[in-house]
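Student: Could you show me how to read the way helices and strands are arranged in a structure?
Tutor: Let us look at it together and take one feature at a time.

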Amino acid sequence: MATTEVRGLGHSVKRKEDERFIRGKGNYIDDVTLPGMLHMELLRSPFAHARIVSVDTSRAEALPGVVAVVTGELMAQHNLAWMPTLSGDTQAVLATDKVRFQGQEVAAVVADSAYVAKDALELIDVEYDPLPALTTPQQALEDGAPVIRDEKEGQTSNLIYDWEAGDKEATDRAFAEADQVVELDTFYPRCHPSPLECCGCVADVNPATGKATIYMTSQAPHAIRTLFALVAGLPEQNIRVISPDIGGGFGNKVPIYPGYVVATAASLLLGKPVKWIEDRTGNLISTGFARDYHMHGELAVKDGKITGLRTSLVADEGAFFADAQPSKFKIGLFHIVTGSYDIPAAHVRGEGAYTNKAPGGVAYRCSFRVTEASYLIERLVDVAAHELGVDPAEFRVQNFIKPDQFPYESATGFVYDSGDYEKALRLALEKLGYDDLRKEQAEAREQGRLIGIGLASFTEVVGAGHGKQYDIAGLRMFDSAELRVHPTGKAILKLGVKSQGQGHETTFAQIVAEELGIPYEDIEVQEGDTDNTPYGLGTYASRSTPVAGAATAVISRKLRDKARTIAAHLLEASEDDLEWDRGRFSVKGAPDRAKTIQDVAFAAYTDLPDGMEAGLEGVHYYDPPNMTFPFGTYAVVVEVDRGTGAWKVERMVAVDDCGVRINPMIVEGQIMGGLTEGFAIAAMELITFDEDGNCIGSNFTDYLLPTSWETPSFELGETVTPSPHHPIGAKGVGESATVGSPAAYVNAVVDALAHAGVRNLEMPVTSAKVWEALQEAGLAE
Ligand code: CDP
């Protein structure tokens, strides 16, 4: 069977899952309805920091329809008032002693309907004794600052960690010998993944069997099952986590949230299913925020070459250090901050602080802090080019890691698998018409118009593990694939990862199609049910293709090996005499003597060689030898209005290299989505807090998501540099554009003003900020 018919790698087939999504037939968490189901709503703290004096639930309990009111005290009686986080910290499930951020969960009402439960929240009387709120890590780390986590034994300040990587002495030497040192202080503001669907669960603990079935919006159902077993003390075989269709995750659905735990505890106590569906404000105010990184970076430059990089940062982690983080790396993978550049010496230091804000640091479409790192280096390189008076594109080329340097070991310890950074940059410049645009920019400036051209040549690191070095809460970061080929040649592939809209049902079927020659329509992909899929660490940090994709290719190849033995038996030929042409074994020199994979599948259950185990199925757990390093160059052209500070994206060219593309159309969709989110972060999204810790941005009137009206058009390009260690040469791509693009947008706006000495603008780059910069630079009209 020819490859074009099976639709293997490189085919832009339409997404299988869209058959149900576009018909409104998806099965999301709020679609799950069970007999006798109760509804739960959470009471949240109005204060950012306060002692709880008392909680009186009597009025709420008296409301008809209310079944139970759950308080922190009740949870404490069952040893469930606190839970471990994925970063090895603890987090309050329902507050007992203090509230530590506005929106923190204080109590829950379980009732016949969600409306009654919501009404009853207003009848819970909580007396608070307000405390001063600490809303920046700088305040929190001041000597004498009130200790937010005073319940933790031995915690005498708000410092969570102080972590470093690289070689400090070598870096200091590079700086001492430099011709020029370029510095940048910048802040990557707090933003929120804000998926279309908020979080939620339906917990169903069956009192007769003891089986807990928890339907949950989780990007990592297996890890959640294990942690639930550890927290609640339930036997793990009695816990089944089912993640149905998920309406966007972006990292927001990795952590364990109190709502999941309280609903499960309530179901356990009441013996009935309990549904909790978070509302938009609940999601925006309390669930995993991202970024909130205060960064300082310095580049040492000698003879036009970057010889050293020094960075220090302070992370605002909020009241609980709760995001998923590989345990050895407290600042995630920020130490990839050397980016695409051959920098011989680097030193990175990062401190994390507790503040009176919701937990932060979630890897929002990002491989654990890579976004912040990429932003810093791409801004720094641009500042350096402006300071040195050299073209930002040529400065990048001069400093890129060259193709013959791969595998390349970075100064902070990553081994980059493959790359050709100049090729991607040159393609972007060519598509943009860079040289002509620079001339147009100069001419426009003469006429009083401000045009800016911004570049970002990012390198990402995605696909954690390998398991020896990378773990979440002790669980090694491998992933798995189980493949069952049925007698009629149709197959089911079961994975430990969990799609939230990335199209896994299509692309993973395409990998099997490529390897086994079974048409992709004949392969059903199943994910998200821990009773029925092999163990895996889940989908975030663009790890599905690098890890589960590799597992899929390997198990397919193992089954192909068995299929070859069966085919040799059927054809009465030696295995060595068989040729494989995607989906068909034939005898060398006699192409008509052949058996298809479907013939072989049937024989696996009906006509086997003597002594061979029946069936054509297996499972593979893949521990990657290394991560994959996708890269690309994004180029943005903007025009800035000198009268208002408003700026408009005139062009956006994005050249991505994610190695071999399984489904080019899905890859392009991923990139366009990421470019949109990058634009939103750069231009408009901001969640901020007033001095009392009130969250400003807890609804979509204040937190501005881009609509199609604001979103620029994108022109895409690609280069293909396969990953040498991935079985099909693929690298991850889901988050590349969110990681790489914010710096390109900001560089473009700064570039428009750079001739007047402007070197930095902080995100979100609002017209008000640009207007201020125009005035300071004497460019305002
Ligand atoms: O882990 P996550 O699914 O978020 O990210 P990913 O592995 O980068 O994949 C995002 C989507 O793009 C998946 O459906 C992949 O199979 C697809 N993809 C692809 O077709 N080719 C690649 N080289 C990488 C991803």
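Student: At what angle do helix α11 and helix α19 pack?

Tutor: A word of care comes before the answer: this is a predicted model, in which local features need pLDDT of at least 70 and side-chain atom pairs count only at pLDDT 80 or more, while totals for chains, interfaces and linings use all residues. Residues are numbered from 1 along each chain as its sequence is written, and side-chain values use heavy atoms, with hydrogens and water left out. Helices (H or I, at least four residues) and strands (E, at least two) are DSSP runs, numbered from the N terminus. Axes are lines fitted to C-alpha atoms, for helices over the stretch in contact, and angles run from 0 to 180 degrees between N-to-C directions. Here α11 (residues 370-388) and α19 (residues 736-753) pack at about 30 degrees, with their axes 8 Å apart.

Student: Which word describes the direction of α11 relative to α19?

Tutor: Angles under 35 degrees count as roughly parallel, over 145 as roughly antiparallel, 65 to 115 as roughly perpendicular and the rest as oblique. The angle therefore makes α11 roughly parallel to α19. Contact means heavy atoms within 4.5 Å, and among the residues that make this one are Y375 and R379 of α11 and V746 and V750 of α19.

Student: How do α18 and α19 pack?

Tutor: Helix α18 (residues 664-683) packs with α19 at an angle of about 45 degrees, their axes being 7 Å apart, and the two are therefore oblique to each other. In this contact, residues including L675 and F679 of α18 meet others in α19, including P742 and Y745.

Student: What is the order of the strands in the open sheet of four strands?

Tutor: Strands of a sheet pair through backbone hydrogen bonds, either parallel or antiparallel. Two strands count as paired if DSSP finds at least two bridges between them. In this sheet the order is β25-β24-β23-β29, with mixed pairing. Because β25 (523-527) and β29 (616-622) stand at the edges, each with a single partner strand, one side of each is left without a neighbour in the sheet. Strand β24 (residues 491-495) pairs with β25 in the parallel sense over five bridges, and I492 stands opposite E524 in β25.

Student: Which helix packs on the sheet and touches β23, β24 and β29?

Tutor: That is α16 (residues 544-571), whose direction makes about 145 degrees with that of β29. Helix α17 (residues 597-606) also packs on the sheet, touching β23 and β29.
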